[in-house]
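The entries are in the order in which I wrote them up.

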Amino acid sequence: MNSILKTSLSLLAAASVLGSAALPAHAQQRFFARDTVLVSPEGDILDYIPDDGSLRAMRDNRGRTVYVDGWGNVVATAMQADRYFARGDDYRPRREARGYRETNPDYFPPAPEADYGDDLTTSSVPEMREGLPGDIERQPLPDADFGGEQPLPDFGGESASLPENGVDPDAEFVPGPKFDPAIAIGRLSSAEVTALQVFLDREGFSPGVIDGRKGSNVTKAIEAWQNATGETLDPNNADDILERLRLSGGLAFITYEISAVDAAGPYVAAIPDDYAQKAALPHLSFTSTTEMLAEKFHMDEAYLKEINPGVDFTIPGTLIKVVDTGERKTGKVAKILADKGRKQVLAYDENGTLIAAYPASIGSADTPSPSGTVTVERIALNPGYTYNPRINFQQGANNKVLTLQPGPNGPVGTVWIALSKPTYGIHGTPEPSKIGKTQSHGCIRLTNWDATELAKMASAGLTVEFVD
């Protein structure tokens, strides 16, 4: 039996097209030495770092300058630019941000539609990654040297900055639950990681987008699943993962035939940045068949294309390979924990049993999410969105209230779960691959499919507790 399972996994690995996605490297503002870039622990090129004294400059064991926040987390490492970009390279991200650029420090987006209150806001800003590389020599540097005496830029009062010591001094610290650490994921193939992600997704412990790549969202999902079940999951045991997949509905990959409905849409050519142009669209739907199919099967759009090389997704009748996420998780959620430290939403039933978990972007340094307890006020599927310059920000030349139509590429995605604390909610996103890897302006952001699953298990009046 084991040999059959190993053979099956080997075939899956051989059938998968391996390839690493392009780094989401927005063009960096060159206020440092021309040959230097700031790189986050996950490999992102940062546009800026705060200069309010909340970060310390240190050296690692390779002599590189690193910036560490008040928690001891590495925010950025100064690297030689020619290690990341060759002359003439295209610095644009793999997929242009839709609706707004999450790397713009001056961006403060508007609220959902007026029925939810005119002062609701939500957004994302670049993540200050939690990972800390090893072998850091903790000794301060007298001055950071980027090849000159250029100071860090001053974006003014609206720039994204960390509070003193990296925390909000007025926030009440409420510790979140402690989970046993997961077994480290070893050198797995893309197909093996996909099998693990699919199993966790079927169980209701979401790894975020399924992309065949290990990462913090997968590790958090394993830890939550272990806490809920009392079992230990070895991600490196291929036979065990395949057996669990078999018992939960079958192997990770299935064949899917693109239908005429899939090909027909409706789709929009592009989602414009300008809100007046957004408001002129009849809907904020998907821009392509691949984007729609990726979200339908909880996949990263680039990964869907990678495992189906040369396929024209616009032709009905075309057979493609996708993952089988199985049936949607069901149950009744009685309490939600928004764990800011883990960047994860934990859903519990009335007996206090953990029944689901989702990676999340929760709050940010400049607009932190609250601490304490609130309740769910109302739940809306496929909500509209209202831009109000009197309450929000001035976007371009738009000085009037604008109504944006519903759709998965709307600023709050396909779900809005309004909370009793004004301006806060749990909602979806037009950029699922960034969940758990960016921050939000106080709200709780999930992938559209995770937000929908949670919304259908939730109800008005249930408790939502923010913990650290």
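Predicted model: local features only at pLDDT ≥ 70, side-chain atom pairs only at ≥ 80, totals over all residues.

The notes below cover the sheet, the helices, some backbone angles and a few single residues.

**Entry 1**

**Entry 2**
I looked up the strand order. Nine strands make an open sheet, and the order I wrote down is β12-β11-β10-β21-β14-β17-β18-β20-β13. The pairing is mixed. I then asked which strands stand at the edges. They are β12, residues 354-359, and β13, residues 361-362. Each has a single partner strand, so one side of each has no neighbour in the sheet.

**Entry 3. Strand β21.**
I checked β21, residues 463-467, for burial. Four of its five residues are buried, so the strand is largely enclosed by the rest of the structure. I went on to its partners. With β10 the pairing is parallel and runs over five bridges. In that pair I found Ile336 opposite Val464 of β21. With β14 the pairing is antiparallel, over four bridges. There Thr375 is the residue opposite Thr463 of β21.

**Entry 4. β14 with β17.**
I followed β14 to its pairing with β17. β14 covers residues 372-381 and β17 covers residues 415-419. The two pair in the antiparallel sense, over five bridges. For Arg378 the bridge partner in β17 is Ala418.

**Entry 5. Ile417.**
I stayed in strand β17, where Ile417 is placed. Is Ile417 buried or exposed? Its relative accessible area is 0%, so I list Ile417 as buried. Setting aside neighbours within four places in sequence, I recorded contacts of Ile417 with Val376, Arg378, Ile379, Gly425, Ile426, Leu454 and Ala455. I also took one C-alpha separation: Ile417 and Ile379 are 38 residues apart along the chain, and their C-alpha atoms are 4.5 Å apart.

**Entry 6. Helix α3 on the sheet.**
I looked for a helix lying on the strands at the β12 end. Helix α3, residues 216-229, lies across β11 (344-348) and β12. α3 runs at about 170° to β12.

**Entry 7. Helices α2 and α4.**
I record the angle between axes and the distance between them, because two packed helices are described by these. The axes of α2 (residues 190-203) and α4 (residues 238-247) come within 10 Å and cross at roughly 40°. I therefore put α2 down as oblique to α4. The residues making the contact are Glu192, Ala195, Leu196, Val198, Phe199 and Arg202 on α2, with Ala238, Ile241, Arg244 and Leu245 on α4. The crossing of α2 past α4 is left-handed.

**Entry 8. Backbone exceptions.**

- Lys343 is not a glycine, yet has a positive phi of about 55°. I located Lys343 in the loop between β10 (335-339) and β11. Its relative accessible area is 12%, so Lys343 is buried.
- Asn382, also a residue other than glycine, has a positive phi near 55°. Asn382 sits in the loop between β14 and β15 (385-387). At 43% relative accessibility, Asn382 is partly exposed.
- Gly265 and Pro266 are joined by a cis peptide bond, with omega about 15°. Pro266 is in the loop between α5 (260-264) and α6 (275-280).

**Entry 9. Thr290.**
I looked up Thr290 in helix α7, residues 289-296. I count Thr290 as buried because its relative accessibility of 9% is under the 20% cut-off. What does the side chain of Thr290 make a polar contact with? The partner is the side chain of Ser288, at 3.0 Å. Apart from neighbours within four places in sequence, Thr290 is in contact with Glu301, Leu304, Lys305 and Phe313.

**Entry 10. Leu55.**
With a relative accessibility of 14%, Leu55 is buried. I noted the separation from Gly72 as well: 17 residues along the chain, and 9.4 Å between the C-alpha atoms of Leu55 and Gly72.

Definitions and conventions. Residues numbered from 1 in each chain as written. Heavy atoms only, no water. Buried < 20%, exposed > 50% of the residue type's maximum accessible area, 1.4 Å probe, protein only. Polar contact = N/O pair within 3.5 Å; in protein donor to acceptor, adjacent residues only side chain to side chain. Contact = heavy atoms within 4.5 Å. Pairing = 2+ DSSP bridges. Axes fitted to C-alpha atoms, helices over the stretch in contact; angles between N-to-C directions. Parallel < 35°, antiparallel > 145°, perpendicular 65-115°, else oblique. Left-handed = near helix turned anticlockwise from the far one by under 90°.
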